[in-house]
Amino acid sequence: MFFSFTQAWPLWAQQIFYAIVPAVLVLAVVMTSVIILVWYERRWLGFLQHRYGPNRVGPFGLLQLIADAVKMMTKEDIMNRDVHKAMFTMAPIIAMSAAIISWAVIPFGEGQIISNMDMGIFFLFAVAGLGTFATIIAGYASANKWSTLGAMRGVGQAISYEIPLLFSLVPIFLMTGTFNLQEIVLQQQGSWFIWYQPFAFIIFYICMTAEVNRTPFDLPESESELVSGFNTEYSGFKFGGFFMGEYIASLTMCALITLLFFGGWYLPFANVPAIASLHTGMSGYFINPIVFLAKTYFFFGVTVWVRATLPRVTIGMLLSFAWKVLIPLTIVNIFATGLVLYILR
C-alpha cells in the first residue's frame, strides 16, 4: 500500500527494494529501542531504588545515553599483549550480529515481517544461540582468568537453561500446530495463550532471564566476583558491541513473550468487531506495531523490576534449579497439555 509506486519498476528492482527496505526499517526500530531502553532502565531503576537516576544531561536525562556513547566510542581501545587479537575482535561482532539477525523472523503485525518462515522460531533460537559462542570466544581470547571463569559460567548457564526454555514452548506448538510466529499470534486474536499456559509462561520467563544474563542470573559477568566476567578485558567500541548485543537479546526475548503468550499485536478483546477493525487496513499498519512494542517494553520493565528486587544466585543454585526443577516441570506440562488436547479432540 505504502510502496505502490514500485509497481512500475522492473521485477529485479522490486525484489531488491523489498529485501532491503524492511530490513532497514526493522534495524532502525531495534537500534532506537536500545537507546530508549537504556534510558528507561536507568530511570525505572532509579525510581525503584529511591534515587533520581540520570537527570542532568538534557530534559529528564534523555541525552545521557548520547554522552555515554560518545565517551565509550572515544575511549582508547586497549588490548592485552597476550590476547588472541582476531578472536578477541570477532567476539563482540558475533554477539551483536546474532542479536540483530534474530529480528528477521519477528512480526510487528500481520505481514509486517522481514521473513515469514514456517520454522521461524527455530531459526530465531538457532541464531540467538550464537551469542553463547561469542561468550566462549571472548573468555578464551582474553587470556584472563576472570574472563575464562565468566565464559565457563556462561556456557554452563546457556546449556542448562536452553533445554527448559525450548521445552516450555512445546505446549504452544501442540496447541497451534505451527512453528510460524505470525501464525501463532493470529490464533490468539480471540484469547491469549497466557490463560491456557500460565506455567509455561512462568518457566519461559525464568529461562529467558537466565539466557540473556539478567539479574538474578548475571553470573557470566557478576562484577562483585569476576570483575566483569567474560568481557573484563574489553573497552571502547568492542565493549559497546557486547553492551548493545545484551540489550537487543533482552528485547528479543521480551518480544517472544509478547508473541507467544500475550497476543502479539492484538489488543484485549480483539475478536470484538469494533476492536478487530483497528487491526486491519490502514489503521493496522500503525496500531499493530505500536501495540506490539508497548507490550514488549512493558515486559522489559518487568525484567528491570526483577533486577532491582532479587539478589544474584550462586552458580550451584542456578544449575540445580534448571536440572532438578525446571526441566521436570516442563516435561510434566508437555504431557498434561497433550492429554488435555487428546481428550478434547
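Biologist: Which residues in α9 meet which residues in α14?
Modeller: In this predicted model, A200, I203, I206 and C207 of α9 meet F321, L326, L329, T330 and N333 of α14. By class, that contact has seven nonpolar, two polar and no charged residues.

Biologist: How do the axes of α9 and α14 cross?
Modeller: The axes of α9 (residues 198-211) and α14 (residues 315-344) come within 10 Å and cross at roughly 150°. The crossing of α9 with α14 is left-handed.

Biologist: How do you know that the span of α3 agrees with its number of residues?
Modeller: Helix α3 (residues 85-101) has 17 residues, and at 1.5 Å a residue they should span 24 Å. The end C-alpha atoms of α3 are 25 Å apart, which agrees.

Biologist: Which residues of α3 are called buried, and what covers them?
Modeller: F88, A91, P92, A95, M96, A98 and A99 are buried in α3, which means under 20% relative accessible area. Their cover includes α1 (11-48), α4 (120-128), α5 (130-141) and α11 (236-261).

Biologist: How many helices and strands are there in the protein chain?
Modeller: The protein chain has 14 helices and zero strands.

Biologist: Why is the protein chain called as compact as a globular protein of that length?
Modeller: The globule rule gives 20 Å for 345 residues and the radius of gyration is 21 Å, close to that value, so the description holds. Buried residues make up 47% of the 345 residues.

Technical notes. Residues numbered from 1 in each chain as written. Predicted model: local features only at pLDDT ≥ 70, side-chain atom pairs only at ≥ 80, totals over all residues. Heavy atoms only, no water. Helix = DSSP H or I, 4+ residues; strand = E, 2+ residues; numbered from the N terminus. Expected span 1.5 Å × (residues − 1). Buried < 20%, exposed > 50% of the residue type's maximum accessible area, 1.4 Å probe, protein only. Contact = heavy atoms within 4.5 Å. Axes fitted to C-alpha atoms, helices over the stretch in contact; angles between N-to-C directions. Left-handed = near helix turned anticlockwise from the far one by under 90°. Nonpolar A, V, L, I, M, F, W, Y, C, P; charged D, E, K, R; others polar. Rg over C-alpha atoms; globule rule 2.2 N^0.38 Å.
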